[in-house]
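Q: Hello! I would like to learn how to read a predicted model, one feature after another. Could we go through this one together?

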Amino acid sequence: MVAQSYLSDNGSPFVSAQFNEHLKTFKQTIRHSAVGAHHSNGIAERSIGTVLSIARAMLHHSAIHWPDVSNVQLWPLAVLHAVHIVNRMPKEDSGRSPLELFSRKTWAI
């Protein structure tokens with residue numbers, strides 16, 4: 001299954017001649033959002049906000065309970081762990097996690 005269309009910012013990889021040639025080869029389209037138009041992709045923005053909120057909460061928790069070892073350099077690890085958690089948490093509407101929906105497989109608990 002190949003994506004048929006893309007929505008992106010005006011970043012350099014998305015306006016290059018090589019990328020546009022790739023789009024033509026696979027009969028795909030791309031739309032560019034305006035600068036600072038976070039509202040144009042609300043689903044992604046909401047997901048990013050959720051992940052960052054979870055990561056921030058984990059760092060606050062570690063700072064409260066383990067102040068001697070808590071460090072802001074743990075931020076990348078906290079974000080990776082938050083992504084891991086969000087991808088495996090079941091959604092209310094389907095009862096399946098994003099990973100299960102993406103892979104089309106049900107994982108044993």
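A: Gladly, and let us begin with the surface. The accessible surface of the chain is about 8,900 Å², and 62% of that belongs to carbon and sulfur atoms. Such areas come from the Shrake-Rupley method with a 1.4 Å probe, and for residues only the protein chains shown count as cover. This is a predicted model, in which local features need pLDDT of at least 70 and side-chain atom pairs count only at pLDDT 80 or more, while totals for chains, interfaces and linings use all residues. Residues are numbered from 1 along each chain as its sequence is written, and side-chain values use heavy atoms, with hydrogens and water left out.

Q: Where in the chain is confidence lowest, and where is it highest?
A: The score to read is pLDDT, the predictor's confidence in each residue, from 0 to 100. Where pLDDT is low, the predicted coordinates should not be read in detail. Here the chain averages 87, and 90% of the residues score at least 70. Helix H1 has the lowest confidence, with a mean of 70, and H4 the highest, at 96.

Q: What pattern does the chain follow along the sequence?
A: Elements are DSSP runs numbered from the N terminus: helices are H or I with at least four residues, strands E with at least two. This chain has five helices and two strands, in the order β-α-α-β-α-α-α.

Q: How many residues of the chain are buried, as a percentage?
A: Buried means under 20% relative accessible area, exposed over 50%, and partly exposed in between (1.4 Å probe, protein chains only). Of the 109 residues in the chain, 16% are buried.

Q: Which residues of H4 are buried, and where do they lie on the helix?
A: Start with its length: the expected span of a helix is 1.5 Å times one less than its number of residues. H4 (residues 75-88) has 14 residues and reaches 20 Å from its first C-alpha to its last, close to the 20 Å expected. Its buried residues are Ala78, Val79, Ala82 and Val86. Viewed down the axis of H4, they fall within an arc of 100°, so they line one face of the helix; the arc is that of the directions from the helix axis to the C-beta atoms. On the other side, Leu77 and Leu80 are exposed.

Q: What do the buried residues of H4 pack against?
A: Contact means heavy atoms within 4.5 Å. The buried residues of H4 pack against helix H3 (42-65) and helix H5 (98-103).

Q: Which residue does the side chain of Ser16 reach?
A: Ser16 sits in the loop between helix H1 (12-15) and helix H2 (17-25). Its side chain reaches the backbone nitrogen of Phe19 at 3.2 Å. At 27% relative accessible area, Ser16 is partly exposed.

Q: What is the phi of Lys27, and what is that of Arg104?
A: Most residues other than glycine have a negative phi. Lys27 has a positive phi of about 55°, and Arg104 has a positive value near 60°. Lys27 belongs to the loop between H2 and strand S2 (29-32) and is exposed at 71% relative accessibility. Arg104 lies in the segment after H5, where it is exposed with a relative accessible area of 67%.

Conventions
Polar contact = N/O pair within 3.5 Å; in protein donor to acceptor, adjacent residues only side chain to side chain.
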